[in-house]
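Dear colleague,

Please find below the structure that I am handing over to you.

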Amino acid sequence: MVKNEVDRQNTSFEWLYQKTNISKGTFSSWKNRNIIPRAGEAFRIAQVLNVSVEYLLTGADRDNSPSNLAAQEITGMIPFFDDNDLQTLLATVRSMAARYNRKK
């Protein structure tokens with residue numbers, strides 16, 4: 001699916017390697033061994049291509065609803081967060097979930 005998306009967007013794998021900071025060798029290894037990348041790498045690839053990880057894995061139609069696009073943007077950033085960022089995000093999400101559950 002990555003190749004299909006690279007072709008659809010009229011870009012190149014060289015561009016993808018640079019944008020994701022994932023080497024050509026790593027992509028080649030995944031392809032040759034039929035390996036799915038780790039979650040963080042899959043998120044980076046999906047973020048750069050502006051698609052969901054699910055789409056890359058399954059080829060299912062891309063969901064471009066506002067809520068899904070927001071979720072994709074947020075999850076695409078997670079691999080770049082440090083421990084403090086992750087703890088802040090977790091605390092924020094927990095607080096929002098608690099507030100939501102109180103409203104029910």
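Predicted model: local features only at pLDDT ≥ 70, side-chain atom pairs only at ≥ 80, totals over all residues.

The notes below describe what was found in this structure.

Residues are numbered from 1 along each chain as its sequence is written, and side-chain values use heavy atoms, with hydrogens and water left out.

**The nonpolar core**

A nonpolar core here is a set of buried Ala, Val, Leu, Ile, Met, Phe, Trp, Tyr and Cys residues joined through side-chain atoms within 4.5 Å. Buried stands for under 20% relative accessible area, exposed for over 50%, and partly exposed for values in between, with a 1.4 Å probe and protein chains only. The largest such core has 15 residues, and the members that touch the most others are Val 2, Leu 16, Phe 27, Ile 45, Leu 49, Val 51 and Leu 56. Two or more residues each are given to this core by helix 1 (2-8), helix 2 (13-20), helix 3 (24-33), helix 4 (39-49) and helix 5 (53-58). Helix 4 supplies the largest share, four residues. Helices are DSSP runs (H or I, at least four residues), numbered from the N terminus.

Leu 56 shows how the parts of the chain meet. Contact means heavy atoms within 4.5 Å. With neighbours within four places in sequence set aside, Leu 56 is in contact with Met 1, Val 2, Ala 42, Ile 45, Ala 46, Leu 49 and Val 51.

Most residues other than glycine have a negative phi. Asn 21, in the loop between helix 2 and helix 3, has a positive phi near 60° and is exposed at 67% relative accessibility. Asn 50, in the loop between helix 4 and helix 5, also has a positive phi near 60°, and its relative accessible area of 53% makes it exposed.

**Salt bridges**

A salt bridge is counted when a side-chain nitrogen of Lys or Arg lies within 4 Å of a carboxyl oxygen of Asp or Glu. The count comes to three.

- Lys 3 and Asp 7 are joined at 2.7 Å, N to O. They are four residues apart in helix 1, so about one helical turn separates them. Lys 3 is partly exposed at 48% relative accessibility, and Asp 7 is partly exposed at 45%.
- Arg 8 and Glu 5 are joined at 2.7 Å, N to O. These two are three residues apart in helix 1, again about one helical turn. Arg 8 is partly exposed at 48%, whereas Glu 5 is buried at 0%.
- Arg 38 and Glu 41 are joined with their closest N and O atoms 3.1 Å apart. Arg 38 is exposed at 62%, while Glu 41 is buried at 14%.

The side chain of Glu 5 also makes a polar contact with the side chain of Gln 9, at 2.8 Å. A polar contact is a pair of N or O atoms within 3.5 Å; within protein, one must be able to donate a hydrogen and the other to accept it, and residues adjacent in sequence count only if both atoms are side-chain atoms.

Trp 30 lies in helix 3 and is buried, with a relative accessible area of 13%. Not counting residues up to four places away in sequence, Trp 30 touches Ile 22, Ile 35, Pro 37, Glu 41 and Ile 45.

Helix 7 (residues 83-103) has 21 residues and should span 30 Å at 1.5 Å a residue, which agrees with the 30 Å between its end C-alpha atoms. The expected span is 1.5 Å times one less than the number of residues. Asp 82 caps the N-terminal end of helix 7, with a side-chain oxygen 3.1 Å from the backbone nitrogen of Asn 84.

With kind regards
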